[in-house]
Amino acid sequence: MEVSAQRHADSGGLPDSAVEDLDTHAVVVRYEPMVYAIALTHTRCQGDADDVFQDVFLTYHRRQPAFRSEEHRKAWLITTTINCARQVAGSSWRTRVVPLPTGEADAAPAQFEFATVEQNALFAALKALPDSYRSVLHLFYFEDLSIARIAEVLDLTVSTVKMRLSRGRALMRERLTQGVFDD
Amino acid sequence: MTNKIFQEMSEQMRPDAALRQDLFARIDAGDEPAGARAPEQTSRPGRPKPRWLAPAVAAVTVAALIGVGVNGGWSVNSDGSTNTAEHGVADYATLYAAVRNAPPPPQTEMGAGLEDTRAPMPQTADVESSTWTTNVQVRSIDEGDLVKSDGRSIFVASGKQVSIVRAAGDGTRVLARIDTATGEAGKPTGDDLTLQGPVVDLMLHGTTLVVLVTEYQPRTTDLPASLPMPADSVSLPFDPSLTKALIYDVSDPAVPRYQGSLGQSGGLVTTRLAGNLLYVVTQYTVVDQQGTKKDDPATFVPVFTQDHLVKPARPDDCGIMPAPSGPTYAVVSSLDLDKRTRIDSASLLGGASTVYMSDTNVYLATTDYSPSGPVAEKARVPKDLSRVPVTNLARISVNAGQLAVAAQGSVAGRLVDQFALDEWDGRLRVATTMEGQRSHRAWTLQSGLWVLDSDLSLVSSIPSLAKNEGVRSVRFDGGIGYVVTFRSVDPLFAIDLSDATSPRVLSALKIPGFSSYLHPWADGRLLGLGRDITESGNDRGLKLSMFDTSNPAAVTELTTLRIKADNSEALYDHRAVLVDPAAGLVGFPVSSWDDGTVSYELYRYEPTAGFTQVGHLKVPVNLRQGLSTVRGMTIDDTLYVASSRSVIVYRLAGFVQVAKVALDK
């Protein structure tokens, strides 16, 4: 898949933007889609993702960390969400209760569902990847981060990011018969 | 087109509006995130906080039992058999109705059965011997695992194969490989669409190696009515239909001989070995509930196989739990490994996710996330919490391989793992976490301890052992129970259970982080392995702790070692922990979240020096797997570290690598 240069240009030598004075509510509103999406792809069920979503912003609110720039805040949220998801996923290895917002009786925790079979297949394939590949692919495809930015956020070298991107794509290609990830 | 799909998915990945509202409410209320709450103002360490609990009802019950002349044991009839609440089900019609009327089966993840088939938490038992054995829960009862050894050969499961390795220091080499995908062993019992999956468990008994594999069938009921795409691009879930125990004679480990198979419906939960009897527990869901036929029992009861002979379970070998949460059976069978036959079976409609086996009973536990009012009340769910799950328990008595459902009961909350159950002096001790909603929509949890009698009725309890904390690990040791609960600070409770009618908390030691695994070391010492989490919620890695439990009323932490590592299989699977108190060694694998690499770490504990690292080594693992299975074994002053890809051999003196054997091609 060819990705045009413009899409992933958020760190093409431009200076980082100054950090805005946002209260927690505003931060939630701005970054909610990003945090929730990472939570969804990095946890085993929707209930866990819901927990991670809340935990990340509550932690943010409690710590009130100081940021050098808006990109710094975004990076903090990304790594905190990934770490939180890993801890939650670890504890979900065994049975884990997921409080259901509705009154339904489920014997197993509910999975997030997309509108089409194709999207669900992609989601399942992404979730089946090993942690390290999944994070890179998620940030690249869902957050449009450049390879350089991904390397910065995840504290990896650019070559490691490139390797995981290409190996991750190969693994995804194997799982899906349709050529979504074919170059 | 390809970029568009990510955009479309992004737009859908949004939290519920109610979830966001709840978050804002919690932010405004100054709520803490789950992993970082301030420590509770509970008892200070060293000061025992006795809680006497002797409800009038329990006291009367105990008195009545004693009056009948039962010395705290199971009620036993004059002919030596135990009382059974159910002598099986009357006929197939009853079972047919129960299966049809059960709530529909839950949705499983796509292909979940084929990728990660490892059973949840079996229990392992220590055998008193100088050779390495699987780290088990109950001494005399062995537990299945993916790596087994008799001190001379190491058997490692790897995909559909089992590698047999001669453990001989620098002469370590692969003797033979069993391929379960070929030959008689590889012929599925089911129809053409049946697939046989990888090896899920191994058990070794003398010169008999039992290899467990699971057959899967596609859930054809899930096929959509119309197929807009080519058929081979539709992913169907596969359900475990049959688990087979493949029996091999390994008296000459270089030439393993297949001897036959004994199978039972469902996916493997766990295995246990007591003497020459193998107990196999599976969980079988009747996926096609609507397709069951009244006159064909095989469509609604589990079946048992001997090689290719298939027979449905008999009604009198079946039972029905009071309110099954789905059409799922827990199937227990006893196999005589010397005669290679099945002795007995017990199938219980209601399922089982946790199994604990003592010398005389198999306990099955399953979680009911929506218990009915009467069930919740009987299970003593706290009155101020709603939506608390309940654990349904069944006791299956074991007598020379004869199985019978002897009792059923429930307790409030869920079990953290198999170690939350323990039978001692005729009573069952249970530690649970009760998670529920308080009246003003806030979720909370508390830990509780319960003591049940042979009828699985409540004798006594400490229903709120720790408020706002869940159980992280449990280890019962005769008359004392150790329970670790956690919010951000880890109280380690020592509970006196010597008097079943009045358990009392002897001490509560509070330390940051939590232990996921507890192991009684020698001489009043308790080893803990878990996460190092600061009071503000920072996860700093792992830690090893040694507690002084010589005076349970004043448990102290002798020493602790912080380990800079992200994660460990040992936090989730007790079999991954190597504990050798005689040699003072503790070993376990650690993994990195960044790149998934695994290394095996070995530590020594000495009273004066505390924990020191003996060494560590990198373990090649299959990155495509989730958390890899890695086992370390000490045999004759040598450490063998086995994974599905290799066996690496280190001489303990000087910690020098002397051999490395590749198991994958």
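Between which two strands of chain B does the loop holding Leu456(B) lie?

**Figure 1. Leu456(B) sits in a loop of chain B.** The loop runs between β23 (443–452) and β24 (458–467) of chain B. The model is predicted: local features need pLDDT of at least 70, side-chain atom pairs count only at pLDDT 80 or more, and totals for chains, interfaces and linings use all residues. Residues are numbered from 1 along each chain as its sequence is written, chains are lettered from A and ligands numbered from 1 in the order in which they are written, and side-chain values use heavy atoms, with hydrogens and water left out. Strands (E, at least two residues) and helices (H or I, at least four) are DSSP runs, numbered from the N terminus. Leu456(B) is not a glycine, yet its phi is positive, at about 60°. Its relative accessibility is 3%, so Leu456(B) counts as buried. Buried means under 20% relative accessible area, exposed over 50%, and partly exposed in between (1.4 Å probe, protein chains only).

**Figure 2. Chain A has 7 helices and 0 strands.** From the N terminus on, its elements run α-α-α-α-α-α-α. Of the 183 residues in chain A, 52% are buried. Contact means heavy atoms within 4.5 Å. Among contacts in chain A between residues at least 6 apart in sequence, 70% join residues at least 24 apart. The accessible surface of the chain is about 7,900 Å², and 50% of that belongs to carbon and sulfur atoms. Accessible areas come from the Shrake-Rupley method with a 1.4 Å probe; for residues, only the protein chains shown count as cover.

**Figure 3. Asp50(A) lies in helix α2 (residues 46–63) of chain A.** Asp50(A) has a relative accessible area of 16% and is therefore buried. Leaving aside residues up to four places away in sequence, Asp50(A) touches Tyr36(A) and Leu19(B). Tyr36(A) is 14 residues from Asp50(A) along the chain, and their C-alpha atoms are separated by 7.6 Å.

**Figure 4. Helices α5(A) and α7(A) pack at an angle of about 95°.** Helix α7 of chain A covers residues 158–175, and the two axes are 9 Å apart. Axes are lines fitted to C-alpha atoms, for helices over the stretch in contact, and angles run from 0 to 180 degrees between N-to-C directions. The two helices are therefore roughly perpendicular to each other. Angles of 65 to 115 degrees count as roughly perpendicular, under 35 as roughly parallel, over 145 as roughly antiparallel and the rest as oblique. On the α5(A) side, the residues of the contact include Tyr133(A), Leu137(A) and Phe140(A), and on the α7(A) side they include Val161(A), Leu165(A) and Arg169(A). The residues of this contact divide into 10 nonpolar, 2 polar and 3 charged. Ala, Val, Leu, Ile, Met, Phe, Trp, Tyr, Cys and Pro count as nonpolar, Asp, Glu, Lys and Arg as charged, and the others, Gly among them, as polar.

Figure 5. Asp144(A) is found in the loop between α5 (131–141) and α6. Its phi is positive, about 60°, although Asp144(A) is not a glycine. At 30% relative accessibility, Asp144(A) is partly exposed. Just after α6(A), Asp155(A) also takes a positive phi of about 60°.

**Figure 6. An open sheet in chain B has 4 strands, in the order β17-β18-β19-β20.** The pairing is antiparallel. Each of β17 (354–357) and β20 (402–412) has a single partner strand, so one side of each is left without a neighbour in the sheet. On average, neighbouring strands of this sheet are turned by 20° against each other, direction ignored. Two strands pair if DSSP finds at least two bridges between them. Strand β19 (residues 390–399) and β20(B) are joined by 10 bridges. Asn399(B) stands opposite Gln402(B) in β20(B).

**Figure 7. Strands β3(B) and β4(B) form a hairpin with 2 residues between them.** In this hairpin, Gly159(B) takes a positive phi near 65°. β3 (residues 153–158) and β4 (residues 161–166) of chain B run antiparallel and are joined by 6 bridges. Ser153(B) stands opposite Arg166(B) in β4(B).

**Figure 8. β4(B) is also joined to strand β5 (residues 173–179) of chain B, by 6 bridges.** These two strands run antiparallel. Val165(B) has Val174(B) in β5(B) as its bridge partner. The hairpin of β4(B) and β5(B) has 6 residues between the strands, and Gly169(B) takes a positive phi near 55° there.
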